[in-house]
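Have a look at the fold first, then read on.

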Amino acid sequence: MGTLGSVFVADAIVDWDKKHRWAARDGETEEERTHPLEPFSYRPHDYVYHLNDELVTTALDAGKSVELRDSGASRAYRDHYSTDVARSDPSVAVGTTLCSDEFWHGGTVAEQAQWLVDEYDAGTYATTEMEEMGTATALDRFGLLDRYLSVRGVVNFDRPYDGQSIRESLHDGVEKETFDATLDNVVSVGAAIVDELRAVGGESD
């Protein structure tokens with residue numbers, strides 16, 4: 001979990017698309033109504049990739065040396081939220097990224113998403129996106145997953161603040177000022193990580 005402008009280095013990638021799901025009202029038990037989804041009953045493997053811990057730690061340490069940008073638009077939007085995490089300043093941290101081709105939004109689906117992440121024992125999801133599972137799958141097939149890093153910035157929240165409707169939250173869009181500041185943060189953190197990895201690897205210009 002993080003806030004606008006933050007940058008996360010992923011330590012795990014979970015596939016949100018690979019699951020069974022039904023309408024909550026169709027559930028026959030309380031569990032089926034509360035969590036109307038389950039991992040595939042038949043699957044050759046769990047749809048989660050745990051990334052190289054040593055590489056992730058190196059990237060995190062390098063990223064934390066970067067002074068992150070913030071913006072007035074980000075601060076104003078964060079202040080609508082009541083939780084300390086949402087209202088905090090941007091930071092660099094580690095967390096699971098949840099990959100999906102579905103653009104979902106809201107607290108109910110967020111709870112279901114975390115339930116699925118828990119099923120894979122993958123911690124707490126910090127970011128959502130659409131690309132990482134495909135990239136990780138391809139690298140894993142070629143035996144290169146241990147060299148993979150995912151570095152992502154936070155440009156929007158996945159649920160409304162108190163008193164805001166789900167549609168208002170979904171269609172507020174991303175403020176350009178927030179997007180630009182976050183993009184700068186991702187670039188700066190990524191550059192610091194590359195510099196550190198080159199130094200560790202003993203490479204020169």
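## Strand β1 and its partners

Strands β1 and β7 run antiparallel, with three bridges joining them. One of the pairings to look for is V9, whose bridge partner in β7 is V151. Keep in mind that this is a predicted model, not an experimental one.

## The nonpolar cores

Which residues touch the most other members of the largest nonpolar core? They are W16, L51, L98 and W104, in a core of 38 residues. The elements giving two or more residues to this core are β1, β4, α2, β5, α5 (107-119), α6 (132-141) and α8.

Setting aside neighbours within four places in sequence, its contacts are V14, W16, W104, A113, V117, Y125, T127, T128 and E129.

## Helix α8

Helix α8 covers residues 176-201, which makes 26 residues.

Some of α8 is tucked away: T178, A181, T182, N185, V189, A192 and I193 are its buried residues. What covers them includes β1 (7-15), α2 (53-63), α3 (72-78), β5 (92-99) and β7 (151-153).

Over in α6, the residues E132, M133 and A136 are buried. They sit on the same side of α6, because they cover an arc of only 95° around the axis. The buried residues of α6 pack against β1, β4, β5, β6 (125-129) and β7. After α6 comes G143, which has a positive phi, near 70°.

Now hop to helix α5, where you'll find Q112. Is Q112 buried or exposed? With a relative accessible area of 8%, Q112 is buried. Not counting residues up to four places away in sequence, Q112 touches W16, R21, P36 and L37.

## Salt bridges

Side chains of opposite charge can pair when their charged atoms come close. How many salt bridges does a search of the whole structure find? It finds 11. One of them joins R33 and E30, with the closest N and O atoms 3.5 Å apart. Both belong to helix α1 (residues 30-34), and since they're three residues apart, about one helical turn separates R33 and E30. E30 counts as exposed at 52% relative accessibility, while R33 is partly exposed at 37%.

Another salt bridge pairs D184 with R69, and here the closest N and O atoms are 2.3 Å apart. D184 is in helix α8 and R69 is in the loop between α2 and α3, so this pair ties together parts that are 115 residues apart in sequence. D184 is partly exposed, with a relative accessible area of 34%, and R69 counts as partly exposed at 37%.

Finally, find D70 and R78, whose side chains meet in a salt bridge (2.7 Å, N to O). R78 counts as buried, at 1% relative accessibility, whereas D70 counts as partly exposed at 24%. Which residues are linked with D70 in a network of salt bridges? R75 and R78 are linked with D70 in that network.

Note on methods:
Residues are numbered from 1 along each chain as its sequence is written. This is a predicted model: local features need pLDDT of at least 70, side-chain atom pairs count only at pLDDT 80 or more; totals for chains, interfaces and linings use all residues. Side-chain values use heavy atoms; hydrogens and water are left out. Helices (H or I, at least four residues) and strands (E, at least two) are DSSP runs, numbered from the N terminus. The expected span of a helix is 1.5 Å times one less than its number of residues. Buried means under 20% relative accessible area, exposed over 50%, partly exposed in between (1.4 Å probe, protein chains only). Contact means heavy atoms within 4.5 Å. Two strands pair if DSSP finds at least two bridges between them. A nonpolar core is a set of buried Ala, Val, Leu, Ile, Met, Phe, Trp, Tyr and Cys residues joined through side-chain atoms within 4.5 Å. The arc is that of the directions from the helix axis to the C-beta atoms. A salt bridge is a side-chain nitrogen of Lys or Arg within 4 Å of a carboxyl oxygen of Asp or Glu.
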